[in-house]
Amino acid sequence: MNTRVSTFIIDTIAIIIFAVLARLAHNTPADPFTFGNIADTFWPFFIGVIIGTVLIAKQANPRAVKAGVVVWVATVVAGLGIWAILHGAVPHWSFILVASVMSAILLLGWRGAAGAAARKTVA
């Protein structure tokens, strides 16, 4: 499989995990843990993953942490921006903080682990 395609798939899985964890954390009777709610959380951030993937298209290594930072920033800006438009308000600072940190851990963490494993294999 092409490295760019597999990178996009892993980033997508990371954002699915992000959406599932977010919905589990906010599971209430009024806003239950459902596929629809997971999808509602997922899609704005997935738009960001798509934008980030386009932005790193010409980078030599899309799995590098540097490329991941571009995807992460695009994901956070698009996801929170779309949320703000849909809700007619700026997200609460705690939402911005948690979404930024969790998406960074997921989008940059796998890249860091893959890079470390590759360096260990070479050494």
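**View 1. The surroundings of aspartate 11.** Leaving aside residues up to four places away in sequence, aspartate 11 touches Val49, Val71, Leu107, Trp110 and Arg111, where contact means heavy atoms within 4.5 Å. Aspartate 11 is found in helix H1; helices (H or I, at least four residues) are DSSP runs, numbered from the N terminus. With a relative accessible area of 0%, aspartate 11 is buried (buried is under 20% relative accessible area, exposed over 50%, partly exposed in between; 1.4 Å probe, protein chains only). A word on what you are looking at: this is a predicted model, in which local features need pLDDT of at least 70 and side-chain atom pairs count only at pLDDT 80 or more, while totals for chains, interfaces and linings use all residues. Residues are numbered from 1 along each chain as its sequence is written, and side-chain values use heavy atoms, with hydrogens and water left out.

**View 2. The packing of H1 and H2.** Here H1 and H2 pack with their axes 9 Å apart, at an angle of about 150 degrees (axes are lines fitted to C-alpha atoms, for helices over the stretch in contact, and angles run from 0 to 180 degrees between N-to-C directions). H1 is therefore roughly antiparallel to H2, a term for angles over 145 degrees. Among the residues making the contact are Phe8, Asp11 and Ile15 of H1 and Phe42, Phe46 and Val49 of H2. The residues of this contact of H1 with H2 divide into 13 nonpolar, 4 polar and 2 charged (Ala, Val, Leu, Ile, Met, Phe, Trp, Tyr, Cys and Pro count as nonpolar, Asp, Glu, Lys and Arg as charged, and the others, Gly among them, as polar).

View 3. The structure holds 4 aromatic pairs (rings of Phe, Tyr and Trp, the last by its six-membered ring, with centres within 6.5 Å; planes under 30 degrees apart are stacked, over 60 edge-to-face and the rest tilted). In one of them, phenylalanine 8 and phenylalanine 46 are tilted, at 5.8 Å centre to centre and 45 degrees between the planes. This pair links phenylalanine 8 in helix H1 (residues 3–25) with phenylalanine 46 in helix H2 (residues 35–55), 38 residues apart. Phenylalanine 8 is partly exposed, at 26% relative accessibility. Ring pairs join Phe8, Phe42 and Phe46 into a cluster.

View 4. Tryptophan 83 lies in helix H3 (residues 65–87) and phenylalanine 95 in helix H4 (residues 93–122), so the pair ties together parts 12 residues apart in sequence. Tryptophan 83 is partly exposed at 25% relative accessibility, and phenylalanine 95 is partly exposed at 27%.

Conventions
Helix = DSSP H or I, 4+ residues; strand = E, 2+ residues; numbered from the N terminus. Parallel < 35°, antiparallel > 145°, perpendicular 65-115°, else oblique.
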